[in-house]
Every structure is written in structure tokens, then in C-alpha cells.
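Let's take a walk through this one by way of its two ligands. Keep the viewer open and follow along as we go.

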Amino acid sequence: MVELKHNISLKPFNTFGIDVQTESFVEINSIVKLQEILKNNQKEILILGGGSNILFTKKFGGLLIKNNIKGIELVNDNENEVILKVGAGENWHDFVMYCVSKNYAGLENLSLIPGTVGASPMQNIGAYGVEVKESIISVEALNIKDGTIRNFSNAECEFDYRSSIFKTSQKGKYFITSVVFQLSKKPTINSSYGAIEEELKIMGVVNPTIQDISKAVINIRSSKLPNPNELGNSGSFFKNPVVSISKKNLLLEKYPSIPHYLQNDGSFKIAAGWLIETCGWKGKRVDNYGVHTKQALVIVNYGGATGKQILHFSEEIIQSVKSTFDIELEREVNIV
Ligand code: FAD
Ligand code: EPU
């Protein structure tokens with residue numbers, strides 16, 4: 001029998017450090033336990049990994065299931081690659097460090113992202129020129145309604161920039177239980193993201209290994225992103241907006257220095273951090289919350305802020321960017 005807890009604070013379970021309660025709470029470490037819980041449950045379900053991409057704005061009135069399914073299984077190993085099936089509750093960064101230490105390449109650019117392996121396909125985590133979809137073969141997930149297990153191939157996951165089928169048409173319907181990764185033993189070094197090249201120079205590295213790339217990414221991230229153990233936050237609060245070529249040209253006429261990046265489909269990604277900074281929000285503090293001093297895409301909780309305050313603050317930023325640039329920012333963080 002699995003023990004439910006009631007009316008406990010979620011403060012230790014979200015990196016924003018928001019102090020709200022959940023009516024019911026349970027931690028599971030296996031699919032069998034999960035099925036047992038779901039069989040006897042009538043309440044609304046919320047799945048929680050590391051709580052690093054979630055903003056709680058009120059008490060959660062249902063059953064919060066904290067995922068703790070662990071394990072790294074070697075599915076295939078040959079001279080070129082390995083295939084690993086990884087429990088969804090494994091810590092993401094620990095898993096990346098495991099791969100880096102074994103010389104399994106593909107995830108090193110995604111070092112130091114908080115959270116769990118199971119949440120990585122949710123929004124197709126990405127950083128420093130790499131997205132996790134490039135290494136995922138399939139995702140195993142449990143249907144919350146009937147308890148059956150389904151394997152989603154990479155294509156079926158419908159990965160996109162900070163998006164997948166689990167965030168769109170199948171939102172809330174599946175509990176991801178494990179992820180299958182294909183990693184290379186013959187690394188292709190990806191240092192295309194400008195800041196990595198600069199950091200490698202500072203490190204004095206000429207022919208980088210995946211260990212060097214991982215270290216460079218960790219150095220860059222540590223220099224501008226707040227450590228959630230010291231300052232509550234959820235990473236980028238907003239997505240970088242994607243605009244058409246004509247909109248990009250209009251913006252460039254007025255703002256020649258606007259950072260813009262060509263996408264495969266001919267559209268352009270605009271740096272939301274620049275838009276927010278240009279509107280004057282960078283470093284702005286109101287009461288116990290504000291925009292991070294070193295990265296304008298990050299909203300921080302200095303301690304004691306409520307989720308409602310932060311949500312309202314994010315709305316003000318959205319309005320400000322909209323009225324200045326006629327661009328509607330979309331939140332990346334999941335609002336509960
Ligand atoms: P949670 O916050 O626990 O959950 C996020 C969402 O996924 C929720 O809707 C939840 O219900 C759902 N979910 C979680 N686990 C499962 C599961 N097993 N099955 C089904 N649904 C599930 N993200 C990036 O992409 N790139 C970055 O560079 C990056 N940098 C960050 C830096 C900092 C300092 C912080 C705090 C966050 C950063 N993030 C980044 C965001 C975050 O780390 C990722 O989105 C991460 O994958 C969230 O994992 P989690 O386990 O904490 O998810
Ligand atoms: N910029 C500013 N001011 C700022 C921040 C950024 O002008 O305060 C401009 C600069 O021109 C800078 C550019 O934006 O060169 C890009 O900034 P950065 O390299 O910091 O990346 P980002 O676009 O702000 C994205 C991801 C991050 C990821 C980094 C590195 C999104 C929403 N965010 O941020 O992901 O770590 O790139 O690849 O795509 C997250 O999702 O939580 C997250 C942290």
C-alpha cells in the first residue's frame with residue numbers, strides 16, 4: 001500500500017520556492033506503484049519532477065505525484081554508439097555527467113539544466129545549440145486514464161522549440177516513465193554557440209573534448225543564471241518569440257541591433273531577453289520578486305513572493321513588450 005500525505009507545503013519541491021500546499025501528495029518509485037495509485041484515485045493528477053519549470057499560483061486541490069522512478073539500463077552497446085533506457089525520475093544533470101564521464105556524446109551541451117530525465121521531452125529542453133530531441137529514440141509513458149503503457153517514437157513526440165505532444169494535444173494525459181537515448185562514442189563537438197568558443201578560449205582549450213564542452217557550458221551558465229538553491233527561479237520565464245521575415249525586417253529598421261536568428265523554416269527567433277531589457281525591466285525589483293540582474297528572461301523570487309504576484313508581474317512584462325514591439329511573449333513556465 002502506498003501512503004498518501006495531505007496538506008503539505010510544496011516549497012521544497014519547486015525551484016521558485018513558492019509556498020503553497022497540495023491537498024494530497026505521493027512519491028512513487030516504480031510503474032507498479034504508479035498503477036496502484038491511479039487505480040484507486042478519483043482526484044485531479046499533477047505530475048512533478050524537479051519542479052524547475054512550474055509556477056504554483058494557488059493550493060493544488062488534487063493528488064500531486066512526485067516522480068522518483070530511477071535506473072539507467074544499457075539496451076545496446078557497439079563501437080559507435082550506446083542506447084540507454086533511463087528512469088524518468090533520474091536527475092537530468094547527474095545523468096548528463098554520467099554520460100560525459102563515460103564518453104557517451106550528445107548531451108554535454110545540456111549540462112547543468114535542473115530537473116528530471118522524464119521532464120526533458122516535455123518541452124524538448126535545449127541550450128547552447130542542442131535540443132534533447134536530437135538524442136531521443138523514444139519515450140515510454142503511462143496513460144493516466146487506463147494505466148496502459150505506450151511507446152512514443154521520436155517522430156510521434158512532435159518535438160518543436162520548447163514543445164512536444166506532451167505539452168500540446170496529449171497534455172496531462174500521460175505520465176512519462178522512461179526515455180530511451182542514443183548516444184555516440186564518436187563525438188561530434190558542437191561549439192557553434194558563440195559563447196562556448198569564447199569560454200573555451202578563456203579555458204585555454206584548442207581541441208575540445210565533450211568534457212571540455214560540458215565544463216564550458218557549466219561555466220557560462222553559472223555566470224548568468226541564478227542558482228535556484230540561492231535565488232528562487234524557473235530559468236527562462238518566457239520563450240524566445242519566432243517572427244516572419246517581414247516582421248523581422250520591420251523591427252530591424254527601427255532597432256538595428258535587435259538579436260535575431262534564422263530558423264530552418266525561414267522564420268526568425270528574436271531574443272526575448274533583449275526585448276525585455278530594452279523595455280527597461282532588467283534588474284527591476286518589486287517587493288520580493290523581480291527580473292534577474294544578469295538575464296532579463298529570468299524572473300526571480302527574492303523570498304516570500306507568491307505565485308500570483310509573479311504571474312501578475314509576468315503579465316506586466318508581456319504588456320510592455322507588446323506595446324513597444326508588437327510582439328506577444330509566451331510563457332515557457334507551466335502555470336498551476
Ligand atoms: P517540473 O517542473 O517538475 O515539471 C514541468 C512540467 O512537466 C509540468 O507540467 C509537469 O507536470 C510535467 N512533468 C514533469 N515530469 C513529468 C513526467 N514524468 N511525465 C509527464 N509530465 C511530467 N530548460 C531548458 O530547456 N533549457 C535550459 O537551459 C534551462 N535552464 C534552466 C535553468 C534554471 C536555473 C532553471 C531553474 C530551469 C531551467 N530550465 C531550462 C527549465 C527546466 O529545468 C526544464 O524545463 C526541466 O526539464 C524541468 O524538469 P523538472 O523535472 O523540474 O520538471
Ligand atoms: N539578451 C539580452 N539581455 C538579456 C539576456 C539576453 O540582450 O538580459 C540577448 C543577448 O543578445 C544574448 C541573447 O539575448 O546574446 C541570447 O541570450 P542567451 O544566450 O542568454 O540565451 P537566451 O535566448 O536568453 C536561451 C534559452 C535558455 C538557454 C540559453 C542558452 C529560451 C527561452 N531560453 O536563452 O534556456 O539556456 O538560450 O542556449 O529559449 C530555459 O529554457 O529555462 C533556459 C534557461
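What follows looks at the surroundings of each ligand in turn.

A bit of housekeeping: this is a predicted model, where local features need pLDDT of at least 70, side-chain atom pairs count only at pLDDT 80 or more, and totals for chains, interfaces and linings use all residues. Residues are numbered from 1 along each chain as its sequence is written, chains are lettered from A and ligands numbered from 1 in the order in which they are written, and side-chain values use heavy atoms, with hydrogens and water left out.

Start with ligand 1. Its shell holds 32 residues, where a residue is in if one of its heavy atoms lies within 4 Å of the ligand. Ile47, Gly49, Ser52, Thr116 and Arg221 are the closest. Now look for polar contacts, meaning pairs of N or O atoms within 3.5 Å. A backbone N or O atom of Ile47 sits 2.7 Å from a ligand oxygen, while a polar backbone atom of Gly126 is 2.8 Å from a nitrogen of ligand 1. On its own, ligand 1 has 980 Å² of accessible area, and the protein covers 93% of that (Shrake-Rupley method, 1.4 Å probe).

Where does this shell come from? Strands E3 (45–48), E8 (126–127), E12 (174–184) and E13 each supply at least two residues; strands here are DSSP E runs of at least two residues, and helices are H or I runs of at least four, numbered from the N terminus. By class, there are 15 nonpolar, 15 polar and two charged residues, with Ala, Val, Leu, Ile, Met, Phe, Trp, Tyr, Cys and Pro counted as nonpolar, Asp, Glu, Lys and Arg as charged, and the others, Gly among them, as polar.

Over to ligand 2, which 23 residues surround, with Tyr128, Tyr161, Glu277, Gln295 and Glu332 the closest. Polar side-chain atoms lie 2.7 Å from a ligand oxygen for Tyr161 and 2.8 Å from one for Glu332. Arg221 turns up here as well, with a side-chain N or O atom 3.4 Å from an oxygen of ligand 2.

The classes split into eleven nonpolar, five polar and seven charged. Domain 2 (72–184) and domain 3 (232–335) each contribute at least three residues, with bounds from an automatic or database domain assignment.

Terms used. Polar contact = N/O pair within 3.5 Å; in protein donor to acceptor, adjacent residues only side chain to side chain.
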